[in-house]
Amino acid sequence: MKSSENQLTEESKSKSKVEEDYYISVQEYTGQGYKLPNGEKTDKIAKEYRKEIDKAVKKFFQEKYKTEVIVHNTVGAVDGATVFVESVGEPHFYTYAIIPIDVDEEEVLSDQVWSQEGEVENAIMAGVYGMIYEEEFNKLDQYLDSIVKEHPVTGIRQEALEKVAGGKFSTPYYYVNAIEYEFDALLKEYLKNPHMEKATWKEKFKGATFNPEGLLITLDLYMSKPNTEPDKVIFDKIVSDIKNMEGLPSGAYSIILNDNLISKRSARGTKDNSLRSADPDYIIK
């Protein structure tokens, strides 16, 4: 009997250790422990050549996308490093680029920075959309601020958003992906004139129609108290509110409510116990 109890105790300790290694309270997470596959060697080199990498990535965004960026974080990956950036001013968005690294020579290939197909383009489109429909997104922001004040839920920290978790047009509570080719008009206009005034953007695309299913708006929330399962009552309220609320940005909404833990390595909180209203059950606005 004692042997069985000891085994259960050891298994419990082992499980706790695994959770401690992989997960952390979302309020404490600032990007520590984030990893990409096979990035141990390149990560060390990237840290050593951080200034050179920052300079090369800023130059890449300026030349290819006519966009000034802030570099927030660099994480080693296979044969290179992923560099997380934030646009300066508006349109506002988060994205990343990749800089190759020759591990054998311990050399950063500064003239070969690249981005994954469509990644930066989609970020720009989502950012422009967010700028044009600023009032609608403000209403969504105000609603989520009230939910966080009135209920024990929260989002990720701003530091985590900037360093590892930011994607496209993001806040600590949601992120937006523009996936339809019809949004190319926004991208082409931006690349022609990236410094166009917000009022001009709004006037130019006033009355334009976009397929709402081409814009994915994901609300990604967490329970604010440790050791708490996602609350079905709160989740159902948010789903109902989004379904019935007028004046929100057009798009296909997903809603996720996680427990209090986020993965250090992936910067995601979705687990088996997460509550989800998502594909194919989008809320179309």
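A crossing of two helices is termed right-handed if the near helix is turned clockwise from the far one by less than a right angle, and left-handed if it is turned anticlockwise. In the predicted model described here, the crossing of helices H5 and H9 is right-handed. The contact between these helices is made by Leu-140, Tyr-143 and Ile-147 on the H5 side, and by Lys-237, Ile-238, Asp-241 and Ile-242 on the H9 side. By class, five residues of this contact are nonpolar and two are charged, while none is polar. Helix H5 comprises residues 134–150 and helix H9 residues 232–244; their axes come within 12 Å and cross at roughly 160 degrees. Because angles over 145 degrees count as roughly antiparallel, H5 is roughly antiparallel to H9.

The axes of helix H4 (residues 119–132) and helix H7 (184–192) come within 9 Å and cross at roughly 90 degrees. H4 is therefore roughly perpendicular to H7. From H4, the residues Glu-121, Ile-124, Met-125, Val-128, Tyr-129 and Ile-132 take part in the contact, and from H7 the residues Asp-184, Leu-186, Leu-187 and Tyr-190. Eight residues of the contact of H4 with H7 are nonpolar and two are charged, with no polar residue present.

Ala-199 is located in H8, which spans residues 198–204. The C-alpha atoms of Ala-199 and Ile-132 are separated by 8.3 Å, although the two residues lie 67 residues apart along the chain. Ala-199 has a relative accessible area of 58% and is therefore classed as exposed.

Attention now turns to the strands. An open sheet is formed by four strands in the order E2-E3-E4-E5, with antiparallel pairing. Strand E2 (69–77) and strand E5 (107–108) are the edge strands, each pairing on one side only. Helix H3, residues 50–65, packs on this sheet and touches E2, strand E3 (80–87), E4 and E5; the direction of H3 makes about 120 degrees with that of E2.

Within the sheet, E2 and E3 run antiparallel and are joined by eight bridges. Ala-77 has Gly-80 of E3 as its bridge partner. The two strands form a hairpin with two residues between them, and Asp-79 in the turn has a positive phi of about 65 degrees. On the other pairing of E3, seven bridges join this strand to E4, again in the antiparallel sense. Phe-84 stands opposite Tyr-96 in E4. E3 and E4 likewise form a hairpin, here with six residues between them; the turn includes Gly-89, whose phi is positive at about 75 degrees. Strand E4, residues 94–102, is joined in turn to E5 by two bridges, and these strands run antiparallel. Asp-102 is found opposite Glu-107 in E5.

Eight of the eight residues of E3 are buried, so the strand is largely enclosed by the rest of the structure. In a regular strand the side chains alternate between the two faces of the sheet. In E3, Gly-80, Thr-82, Phe-84 and Glu-86 point one way, whereas Ala-81, Val-83, Val-85 and Ser-87 point the other way, and all are buried.

Strand E7 (residues 169–170) is joined to E8 by two bridges, and the strands run antiparallel. Ser-170 stands opposite Tyr-175 in E8, and E7 and E8 form a hairpin with three residues between them. Strand E8 also pairs with strand E9 (residues 215–223) in the antiparallel sense, over five bridges. Tyr-175 has Thr-218 of E9 as its bridge partner. E8 is mostly covered, with four of its five residues buried.

The loop between strand E8 (174–178) and helix H7 contains Glu-180. With a relative accessibility of 27%, Glu-180 counts as partly exposed. When residues up to four places away in sequence are not counted, Glu-180 touches Asn-211 and Gly-214. Glu-180 and Asn-211 are 31 residues apart in sequence, and their C-alpha atoms lie 7.7 Å apart in space.

Conventions
Residues numbered from 1 in each chain as written. Predicted model: local features only at pLDDT ≥ 70, side-chain atom pairs only at ≥ 80, totals over all residues. Heavy atoms only, no water. Axes fitted to C-alpha atoms, helices over the stretch in contact; angles between N-to-C directions. Parallel < 35°, antiparallel > 145°, perpendicular 65-115°, else oblique. Contact = heavy atoms within 4.5 Å. Nonpolar A, V, L, I, M, F, W, Y, C, P; charged D, E, K, R; others polar. Pairing = 2+ DSSP bridges. Buried < 20%, exposed > 50% of the residue type's maximum accessible area, 1.4 Å probe, protein only.
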